[in-house]
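The following note sets out a series of numbered remarks on the model shown below. Please read them alongside the sequence and the coordinates.

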Amino acid sequence: MIRRQRLAAGVCALLAALTAGLALPGPAAADETEQAAPKVELVLDVSGSMRTRDIDGGTRMAAAKQAFNEVLDATPEEVQLGIRTLGANYHGNDRKTGCKDTAQLYPVSTLDRTEAKTAVATLSPTGWTPIGPALLKAADDLNGGDGARRIVLISDGEDTCQPLDPCEVAREIAAKGIGLTIDTLGLVPDAKTRDQLSCIADATGGTYTSVQHKEELSDRVGQLVDRAADPVVTPVATEGARECASAPSLKSGLYTDREEFGQQRWYKVTVRPGQEVRASVSVADDRAVNPDYGVLLRAVTLHGREIVRGEAAGDGRTDVVSTGLRYPRPESDDENAAAETVCLQVTNSFSAAAGVKTTPGLPLELTVDVVDGPSKASDVASFGLGRGWWLLGALVLAGFVAGLLWGWVSRWRVAVWRTN
């Protein structure tokens, strides 16, 4: 009886090991390309309103300093971090001078935690709130390199240096196609501050967070700094043409562009026999637009014949509209068969709301992937599984055998129980 129990346990263990071996993927190959160091700049509002005592019984400035110290202690080694201030140095009432008051407190570099903390400790709430100028300078601080770049803006009020609208500044930064993201945090914000900071974040694909407590501020800033260390694919800036003949030729990758309201943009992709092109496009409404809009992505030949299309629509409750398409080119018996040029056309039906600027255009993100097509015609008809059928069959067989063994062991245990 004991021998049978051991035998059953051994068979179950062997089956579990076999199933685990089928389910777990093999070790991934190491990424041969070394990514550039990610860069982050913390931009802190040090205007006079930061003296307000409404965050856990202390001032907003005290909460920001505590958050910075905790974040500096936890910043990953591979992240290059800098600190820029706005409104920290000018005490007067001259608006022109106050709107130039932004300075780099600590340069974007490998972090010296002691030096950075010492610099933060000297800050005292002082002057104006030149958010727009500070963002322009921060973008320059992060210029250069291919790694992830992120600005984390912490403010408690609206920009006081209009007409340099910080939301327009963020759109201009995004229009440069440098892959820079701006995340914003509002300290006990009112409605106007919340709207402005949300607009800045939306323009660059960043996030906005409203903060009421010190712990929330520390946690959120730390998350954003850590996120910069995650591997990312930096989009490549491109500029679509008004017709296919003059369109840029794209390879597999991620691309960014700007598309005006109601405009068409053209791009070209080379597809060889036996390959498949997969493309997807997203257009974001980074400003107020009229409801009922859509995005159309078409693949056509050089002569204008439509091959395939994808389309999507929105009604005013979505921030991004995305669609995609796939076009496989069949294999040819002719070894010298020429490659085919596929023209990708992106069209949007957005319209600007009253009083909203139409420039720069809406942010567009285009993903292109050219891959080998199915190696056999039967793979296409195999319910989309292709070569995955063997794994599915092995898993079904393993489940069947496991069910039989479990039933046998259960019947044997019931028999033992009845005997005892």
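**Notes on the predicted model**

1. The protein chain exposes about 22400 Å², of which carbon and sulfur atoms supply 53%; accessible areas come from the Shrake-Rupley method with a 1.4 Å probe, and for residues only the protein chains shown count as cover. This is a predicted model, in which local features need pLDDT of at least 70 and side-chain atom pairs count only at pLDDT 80 or more, while totals for chains, interfaces and linings use all residues. Residues are numbered from 1 along each chain as its sequence is written, and side-chain values use heavy atoms, with hydrogens and water left out.

2. The protein chain contains 10 helices and 18 strands; these are DSSP runs numbered from the N terminus, helices being H or I of at least four residues and strands E of at least two. Of the 420 residues in the protein chain, 44% are buried. Here buried means under 20% relative accessible area, exposed means over 50%, and partly exposed lies in between (1.4 Å probe, protein chains only). Among contacts (heavy atoms within 4.5 Å) in the protein chain between residues at least 6 apart in sequence, 75% join residues at least 24 apart.

3. Helix α6 (residues 166-175) is largely enclosed by the rest of the structure, because 7 of its 10 residues are buried. The buried residues in α6 are P166, C167, E168, V169, A170, R171 and I173. Their cover includes the helices α5 (131-141) and α7 (191-203), together with the strands β7 (180-187) and β11 (253-259).

4. Side chains of opposite charge can pair when their charged atoms come close. A salt bridge is taken as a side-chain nitrogen of Lys or Arg within 4 Å of a carboxyl oxygen of Asp or Glu, and a search of the whole structure finds 17 salt bridges. One of them is between the side chains of R113 and E77, at 3.0 Å from N to O. R113 lies in helix α4 (residues 113-121) and E77 in the loop between α2 (60-74) and β4 (80-86), so the pair ties together parts that are 36 residues apart in sequence. R113 is partly exposed at 22% relative accessibility, whereas E77 is exposed at 62%.

5. D286 and R258 also form a salt bridge, with their closest N and O atoms 3.3 Å apart. This pair links distant parts of the chain, since D286 is in the loop between β13 (275-284) and β14 (293-300) and R258 is in strand β11, 28 residues apart. Both partners are buried: D286 has a relative accessibility of 4%, and R258 has a relative accessible area of 11%.

6. A further salt bridge joins the side chains of R278 and E276 (2.6 Å, N to O). R278 is partly exposed, with 35% relative accessible area, while E276 is buried at 5%. Elsewhere, salt bridges that share partners join E168, R171, R258, D286 and R287 into one network.

7. Two surface patches deserve a remark. Patches are made of residues with over 30% relative accessible area and no salt bridge; like charges are joined within 9 Å, and nonpolar side chains (Val, Leu, Ile, Met, Phe, Trp, Tyr) within 5 Å. D56, E70, E215, E216 and D219 form a negative patch, and helix α8 (residues 214-228) contributes the largest share, 3 residues. Lys and Arg count as positive and Asp and Glu as negative, with His and the chain ends not counted; the place of a charge is NZ of Lys, CZ of Arg, CG of Asp or CD of Glu. A nonpolar patch of about 390 Å² is made by L397, F400, V401 and L404, and L404 is found in helix α10 (residues 389-419).

8. D56, in the loop between β2 (53-55) and β3 (58-59), has a positive phi of about 55° although it is not a glycine; D56 is partly exposed at 44% relative accessibility. V188, in the loop between β7 and α7, has a phi near 45°, a positive value in a residue other than glycine. The peptide bond from T359 to P360 is cis, with omega near -10°, and P360 is placed in the loop between β17 and β18 (362-372).

9. A339 occupies the loop between β16 (320-328) and β17 (340-348) and is partly exposed, with 33% relative accessible area. Leaving aside neighbours within four places in sequence, A339 is in contact with T270, V271, R272, P273 and R329. The C-alpha atoms of A339 and R329, 10 residues apart along the chain, are separated by 9.5 Å.
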